[in-house]
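Here are some notes to read alongside the coordinates.

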Amino acid sequence: MVISFKAPCAKLENIENLWLQLSKVACNLKCKHCYLDCHQDTRKRNFLNMDIIIKTLKTPPTELKRIYLTGGEPFLYPKINDVIKYSLIKADVTICTNGTLFNEKKAKILKEIEKSTPHKLSFKISLDHYMVGRNDEYRGQGVFKKVLNALKVARKYNFECFVTCVNLKNEDEYVIKKGFETLFANQGLDIPISNLKVVPLLKIGNYAKYYNITDNSQSVSFEDLDNFDINNLDCKTSRVITNDGVYSCPALVNDPRGRLGESISDASDSVYLETQTCYECIKRHDNLFG
Ligand code: SF4
Ligand code: SF4
């Protein structure tokens with residue numbers, strides 16, 4: 001008997017969002033729930049080759065709207081200012097950061113860089129709770145305070161800020177948003193609540209190790225897609241450039257099932273929704289990253 005397995009797939013429309021994974025999995029933090037299994041080991045850093053960046057952006061995708069600079073922690077990248085400038089010449093840029101390495105000196109430099117280009121620079125900063133203890137329990141002691149400072153500096157220099165919150169304890173999203181609204185107001189942060197993105201906890205990477213999660217076998221069935229608009233998925237409009245090839249979305253850069261080929265020209269394939277992370281995406285009914 002022949003058993004055939006067929007997973008649903010998402011076909012790329014256009015590359016509107018291009019992600020450059022600058023620091024691979026190097027980070028200055030080691031959050032308990034990091035889906036990328038990031039580490040602080042300076043000997044194992046594997047920064048994205050500048051030649052790959054230049055080659056990728058030389059002829060950017062025709063529908064490109066935004067370049068996301070990500071990691072690990074992108075501010076660890078040695079030539080981060082050059083990458084920001086080069087990227088801003090091509091499209092709007094969002095730096096996805098934990099915020100702890102961002103300060104007034106950097107803000108000043110980045111404002112000058114932004115002014116010299118035709119596009120806008122924004123920040124997507126991680127803050128997993130509106131209460132200090134709940135955030136720092138996972139991200140590390142003192143991180144909450146540093147993130148608030150980073151947000152204040154970024155707003156002082158008029159950079160648009162987005163905040164990403166991982167819903168660590170599966171709390172009511174309405175309550176989370178109300179909590180952040182109060183936090184922003186109390187801190188004098190003019191960040192609209194629509195710029196807060198609450199995302200589900202992905203039980204992979206550090207989280208799986210820390211909490212000994214071994215079962216990651218759930219995948220997407222055709223029935224799961226019955227009432228789901230597949231166009232919401234990041235992998236319909238995004239690709240990630242890494243040192244070891246092009247991937248379907250930021251969540252799968254450590255998973256061979258997310259790898260589509262060597263370079264951006266190999267990125268037009270359909271993506272099979274065969275991982276547990278894909279299943280979490282579908283359940284969320286919205287994109288995880290963009
Ligand atoms: S979750 Fe973000 S800040 Fe935390 S270790 Fe991972 S990459 Fe670093
Ligand atoms: S994790 Fe989500 S965005 Fe990534 S490939 Fe799967 S369905 Fe697409």
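Two residues are in contact if their C-beta atoms, placed from the backbone, lie within 7 Å. With that in mind, here are the points; please remember that this is a predicted model.

1. Helix α2 and its partners. The buried residues of α2 pack against α1, β3, β4 (92-97), α3 (104-115) and β5 (121-126). Which residues of α2 are buried? They are I80, V83, I84, S87 and L88. Looking down the axis of α2, these buried residues fall within an arc of 125°, so they line one face of the helix.

2. Helix α6. In α6, the buried residues are F180, L183 and F184. Down the axis of α6 they fall within an arc of 95°, so here too the buried residues line one face of the helix. Their packing partner is β7 (196-200). On the other side of α6, the exposed residues are Y174, V175, T182, A185 and N186.

3. Length and end of α6. How far apart are the end C-alpha atoms of α6 (residues 173-186)? The distance is 20 Å, and this agrees with the 20 Å that its 14 residues should span at 1.5 Å a residue. After α6 comes G188, with a positive phi near 70°.

4. Overall build. The protein has eight helices and 11 strands. Its radius of gyration is 19 Å, which agrees with the value near 19 Å that a compact globule of 290 residues would have. The C-alpha trace spans about 65 × 45 × 40 Å along the principal axes. Of the 290 residues, 41% count as buried. Among contacts between residues at least 6 apart in sequence, 75% join residues at least 24 apart.

5. G72 sits in the loop between β3 and α2 (80-90).

6. D37 has a phi near 60°, positive although the residue is not a glycine. D37 lies in the loop between β2 (17-21) and α1, and it is partly exposed, with 14 other C-beta atoms within 10 Å. The other case is N170, where phi is positive at about 55°. N170 belongs to the loop between β6 (160-167) and α6. Is N170 buried or exposed? It counts as exposed, because it has 8 C-beta neighbours inside 10 Å and the cut-off for exposed is 12 or fewer.

7. Around ligand 2. How many residues surround ligand 2? There are 13, and the closest are D234, C235, C249, C278 and C281. Helix α8 (residues 276-284) gives the most to this shell, with three residues. Sorted by class, the shell around ligand 2 has 10 nonpolar, two polar and one charged residues.

8. D255, a loop residue. D255 is in the loop between β9 (245-247) and β10 (259-261). With 17 C-beta neighbours inside 10 Å, it counts as partly exposed. D255 and L36 are 219 residues apart in sequence, yet their C-alpha atoms are 9.8 Å apart in space.

9. L64, another loop residue. L64 lies in the loop between α1 (50-58) and β3 (66-70), and is partly exposed, with 16 other C-beta atoms within 10 Å. Leaving aside neighbours within four places in sequence, L64 is in contact with I15, E16, L18, K90 and A91. The C-alpha atoms of L64 and N103, 39 residues apart along the chain, are separated by 29 Å.

Methods
Residues numbered from 1 in each chain as written. Chains lettered and ligands numbered in written order. Predicted model: local features only at pLDDT ≥ 70, side-chain atom pairs only at ≥ 80, totals over all residues. Near = placed C-beta within 6 Å. Helix = DSSP H or I, 4+ residues; strand = E, 2+ residues; numbered from the N terminus. Nonpolar A, V, L, I, M, F, W, Y, C, P; charged D, E, K, R; others polar. Expected span 1.5 Å × (residues − 1). Buried ≥ 20, exposed ≤ 12 C-beta atoms within 10 Å, placed from the backbone. Arc of directions from axis to C-beta. Rg over C-alpha atoms; globule rule 2.2 N^0.38 Å.
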